[in-house]
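Please read these points with the sequence and the structure open side by side.

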Number of protein chains: 2
Amino acid sequence: MRADARRNLEQLLAAARDLVAEKGPGVALDEVAQRAGVGIATLYRRFPDRTALLRGVVLDALERTRVVAERAAEEHDDAFEALAAYLRDALELRVSAVIPQVLDVLDLEEPEVAAAREASARATEALVDAAHRDGQLPADVTFADVGMMLVRIARPLPGPMPDDLKHDLARRHLELFLRGLRGGDGGRLGGPALDRRELAELTREVDRRTR
Amino acid sequence: MRADARRNLEQLLAAARDLVAEKGPGVALDEVAQRAGVGIATLYRRFPDRTALLRGVVLDALERTRVVAERAAEEHDDAFEALAAYLRDALELRVSAVIPQVLDVLDLEEPEVAAAREASARATEALVDAAHRDGQLPADVTFADVGMMLVRIARPLPGPMPDDLKHDLARRHLELFLRGLRGGDGGRLGGPALDRRELAELTREVDRRTR
DNA sequence: GAAGAAGCGGAGATATTCACTCCGGTTAAC
DNA sequence: GTTAACCGGAGTGAATATCTCCGCTTCTTC
C-alpha cells in the first residue's frame, strides 16, 4: 500500500469518527471526505458504501479502546488510578462517543464486530471489577454507569463554542466525575472554570463570528 | 383560540422539543408533525418556517427552566437540596438538552430570546451561588460546570435501547452526579444498575426487534 | 341544535440535498 | 525516468424535504 494511500485512509477514519460522534451515523459522506482533506472518490475507493465506513470506524474505535484499557491495567498498581487513566485516555482518543452512535445502525451479530465489542468490553470490565474489589469504586456504580458517563462526557456538547474549549471542558468534567467517584475531596479540576458572565460572553462572541 | 388548536400547539412544541434534543435543529418537520399527531399543515399554520418553530421551542424551554429554578429556591431551605431539586425537575422536563442545540442556529441577539436566556440563567445562577455560600457545593464547581453536566445527562444517549430505559438511566446518572457534588457517601442511586451482561443482552434484544 | 367561523389533514409540485461514477491528471516507488 | 497506483471533483440521477392549496371536520355561540 502506498504511503499516501495509508495516510488518507487514516485521515478518513479520523474524520468519520469525529463527525459521526457529532452528527450521528447519517453524516453526509462529502463532508467526511472534506474534513479528511481528500476527494470524495478516495472515500468511495476505500469504503464501497456507508456501512463499510461505519464498520471501519467502529472496529478502529473498539480496538483503540481495548488497547488503552489493557495498558491502563498494566501501568497502574492502584485499581482506581488504572480506571481513571483508562477514562482519560479514552476521552483523548475521541472514540467513546462514536461507538453507540454506530451500534444504532450496524449489525451487532456480525462476527468481527461482535468479537471486537466483546474484547473491548471485557478489558474495561476488568478495570471496573478491580476497582470494586479494592473498595475504591462504590459497589452500586456499575460497568454500564461508568461506560455511559464516559459517553456523556465524550460527546461533543452542542452550542456555539470553539472545539478546543469544548474538549477542555470535557476533560474538566471527567475530572469532576472522577472526584465524585473517588468520594474524598479529590484534586484540582483544572481547565476552564467559567461563571455565567464568561460563558455568555464566550458563546456570544462565537455566535457573532460565525453569523 | 380554540381548545383543539391550543392542544395541537402544545403537542407540536413538545414533539419539536424531544426531536430537536435527539436529532438536532435540522429535524424533518414532517417528522415533528407526525410525532405531535397533527398534519404538516397545522405545523406550518402555527410556525411559518423552521426558525419560528425553533424560537418557540427555545422560549418555551427557557421559561420552563426559569419556573422550576425559582420554585426550587422557594420550596427548599437547604441550598444544596434546592439545586438538586432544580436539576431533577429540569431533567424531567426534557428541556435542558434542547437549548444549546437551538442556540447553535438561532440569533442570540434577538431581544425576546436574549431576555429569556438572561432570566433563566439568572435564576439558576442564584441556586448555584447559594449552594456555594453555604459551602455545600465545592467552590471550584462553577455555574457552567453544573449547567453543562445537566445538558450532558439530559441528552438522550444514542444506541439501541428503549426510550424509557434511557430516561431511567439519565435519572440515575443525575443522582450519581449529585452524590459526587455532595461529597459524602450520598444516598441510594436507584434505577437500573446494569452490569456488562445485562447491558449487552438489552441492546441485542432491541437491535433484533428493530431489524 | 343549527349556523358559521376556525381549524384540520394530506396529496403533490418544487426545491434541495445526497450518493455515487467517470476520467484526465498527479504522485509515490523503484 | 517509467509505470502503476492513486487522486480530485464535476456531474447525473435518485431520494428526501419543504411548503401550499383546498375540500372536509370540529369547535363555539346563540
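**Notes on the DNA surfaces and the chain contact**

1. Around DNA strand C there are 22 residues, and the closest are A:Ala3, B:Val38, B:Gly39, B:Ala41 and B:Thr42. A residue is near a molecule or strand here if its C-beta atom, placed from the backbone, lies within 6 Å of it. This is a predicted model, in which local features need pLDDT of at least 70 and side-chain atom pairs count only at pLDDT 80 or more, while totals for chains, interfaces and linings use all residues. Residues are numbered from 1 along each chain as its sequence is written, and chains are lettered from A and ligands numbered from 1 in the order in which they are written.

2. Helices (H or I, at least four residues) are DSSP runs, numbered from the N terminus. With four residues, helix 3 of chain B gives the most to this surface.

3. By class, the surface near DNA strand C has 11 nonpolar, three polar and eight charged residues. Ala, Val, Leu, Ile, Met, Phe, Trp, Tyr, Cys and Pro count as nonpolar, Asp, Glu, Lys and Arg as charged, and the others, Gly among them, as polar.

4. DNA strand D also has 22 residues around it, of which A:Val38, A:Gly39, A:Ala41, A:Thr42 and B:Ala3 come nearest. Helix 3 of chain A gives the most to the surface near DNA strand D, with four residues. The residues of that surface divide into 11 nonpolar, three polar and eight charged.

5. Turning to the contact between the chains, 39 residues of chain B are in contact with 39 residues of chain A (C-beta atoms, placed from the backbone, within 7 Å). On the chain B side, helix 6 (98–103), helix 7 (111–133), helix 8 (143–154), helix 9 (163–182) and helix 10 (196–210) each supply at least two residues. Helix 8 of chain B gives the most, with eight residues. This side of chain B has 22 nonpolar, six polar and 11 charged residues.

6. How is chain B superposed on chain A? A rotation of 180° with 0.0 Å of shift along its axis does so, with an RMSD of 0.1 Å (least squares on the C-alpha atoms of residues with pLDDT of at least 70 in both copies). That is the relation of a two-fold axis. In chain B, the C-alpha of B:Gly180 is nearest the axis, 1.7 Å from it. Both copies use the same surface, as 100% of the contact residues of chain B recur in chain A.

Technical notes
Contact = placed C-beta atoms within 7 Å.
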